[in-house]
Amino acid sequence: MSQEKVLLEIENLRKYFSVKAGVFKKKRVQAVESVSFSIFKGETLGLVGESGCGKTTLGRTIIRLYEPTSGRIVYDGTPIYDSEKNIAVDMLPFRRKMQIIFQDPSASLDPRMTVGEIIGEALDIHKLCSGSQERRDRINELLDEVGLNTEHANRFPHEFSGGQQQRVGIARALAVEPEFIVCDEPISALDVSIQSQVVNMLEDLQAEKNLTYLFIAHDISVVRHISNRIGVMYLGQMVELGESYEVCSRPMHPYTQTLLSAVPLPDPVKSRARQRILLEGDIPSPVDPPSGCRFHTRCPYATDRCRQEQPRLKEHISGHYAACHLLDKG
Amino acid sequence: MDEKKTLLSVKDLKVSFFTPAGEVKAVNGISYDLGYNEVMGIVGESGSGKSVEAYSIIGLLQSPGKVIGGTIEFEGENVLEFDEERMRQFRGNKVSMIFQNPMTCLNPVYTIGNQLIEALMCHDKGYTKEQARKRAIEMLELVGINNAEKRIDQYPHEFSGGMRQRAMIAMALICEPKLLIADEPTTALDVTIQAQILELMKDLQKKENTSIIFITHNLGVVAEICDRVSVMYAGHIIEQGPVNDIFYEPRHPYTKGLLASTPRLDEETKERLIPIEGTPIDLLNPPKGCNFGPRCKDCMKICLREKPPFVEVGEGHISACWLHFMEKREEEARS
């Protein structure tokens, strides 16, 4: 894996959604607030966080399924969005390079189309096959790649189990031979025994095709397993970013520490012996986020500075970033 | 822990759903005993019958589901023979239940207090309205809801997900039941909230001495809270034993497979996951032999012909697999 080449660069990306707060009032949900990071070619970057932290919004904004509010996205050297220079390129050619796998396979596959049609549609849009025979061969090849049979091409999505539907979703994403795939909670709707099948398949496909993944999930154990690096999000912001084993064994940000201590371990002795950091209360609303550090309302170590000043994501150890005032020396 | 006395004894329970496509044997002959003050975990994938089994204990099984065999004895009485009135008294008073999604279980048009007090008044515990309200406030405080006196007059939508689950727990425990059935109570919650609820349940279990049947698919949650574990697959319990045995010395290939296929936060090095191949069986056409046979990597001829009986593989640890017979024979041959 070459860690040097940056495939995707995101700078100060923001995504706000408008919501009505009253007849005349309009409020904005700050779903993603000033997030900057890079994804290297061939790596898997995991994004974790609780529901409502903006991880899915971030994933969708990066491939511009949602139009960003402001910021900059550079893909392989080409800016595809830049609010300052007013760049917003036509995404169609980029859709061939950037794809997404959705969380709920039954909701993301058209129930009136056969599996062959679903996969074939992607081929048609990008004009990847010249004849119907070539198209059929390609669909069969894709089905084979994700572990389905060629007869499955004539069936409808409801005839498949959840795990098989997710395989169809993956085949559809792979149809255009992308370089980069956003995996948005691809396994959380699946049964435990099926999850590992899909995880292994994603890993194999990555090795075979040199894919780059942005892997979004709330299950940290899975994310740690599949990712090279992990980004932790809280209330629209990235609070920690680093090598996955490093982040999990030496978490710097108090939120990451709590998150890790909350994960139940399948080991009765260890899980009963450990001391948990329990958080008070719930996640504040992203419509009206707390001032200063967004985590200060629940942080056990919050100081006055945390309430007033927003911490920036800084590199503390080589390759390990965190946004917390407590980590500043002196 | 006093496990000598049995609170609940389920014997050869069979539940089927009569669908237009045919009979689905959702629960196919399961048996277990639950002691006073014991926490039993029931683990299994979706469709393994773990919820159906719990619904039959509390009499909430809905048509076309039907108990077609076996007994459920609660303190020596067969629950399945209760008439409706008896069942209504039994439910909530002796046994109560918390569900996966608190929002769908709380009535959105009544205040939290209203619903808590209703539970008390229904079971005629001799409370006046004022006393009942006081007791409801106490319960909310017990489950860690701050400002309970104000909160009691709020509606479910004013509560966050974690708070709603706390309110559900308060409601379930308000009549001091002896048994609490928790059906995936933390699955819909975020991990940090899940941790809060688990700590709360552990705490309350000690304080109130309630027995709990904890239904989940999350092995981590089971490891944390349960004393004993039953692993279910396709309507059968396939392995049952003390929590440490199940996690450190699993014997059934399915249990082993489940543990090997779960990524762990505490693993030292990155190893490839070992998945269980195939998909769960179709309960409309179950196989003749062992239900797990078609997916088992150690499947033998006999596994496809006959269902394996339970074998005692440790103290209080049973497992249903033909492999154990092979192991026994090998052992005998050696000695």
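Hi everyone. In chain A, among contacts between residues at least 6 apart in sequence, 63% join residues at least 24 apart; two residues are in contact if their C-beta atoms, placed from the backbone, lie within 7 Å. This is a predicted model, where local features need pLDDT of at least 70, side-chain atom pairs count only at pLDDT 80 or more, and totals for chains, interfaces and linings use all residues. Residues are numbered from 1 along each chain as its sequence is written, while chains are lettered from A and ligands numbered from 1 in the order in which they are written.

Staying with chain A, there are 12 helices and 13 strands (DSSP runs numbered from the N terminus: H or I of at least four residues for helices, E of at least two for strands). Its C-alpha atoms fill a box of roughly 70 × 55 × 45 Å along the principal axes.

Now to chain B. Which residues in H7(B) does helix H4(B) meet? Ile112(B), Gln115(B), Leu116(B) and Ala119(B) of H4(B) meet Ala167(B), Ala170(B) and Met171(B). The axes of H4(B), residues 112–122, and H7(B) come within 9 Å and cross at roughly 20° (axes are lines fitted to C-alpha atoms, for helices over the stretch in contact, with angles from 0 to 180 degrees between N-to-C directions). That makes the two helices, H4(B) and H7(B), roughly parallel, a label for angles under 35 degrees.

Finally, Leu116(B): leaving aside neighbours within four places in sequence, Leu116(B) is in contact with Ala136(B), Met139(B), Ala170(B), Met171(B) and Ile174(B).

Conventions: Angles under 35 degrees count as roughly parallel, over 145 as roughly antiparallel, 65 to 115 as roughly perpendicular and the rest as oblique.
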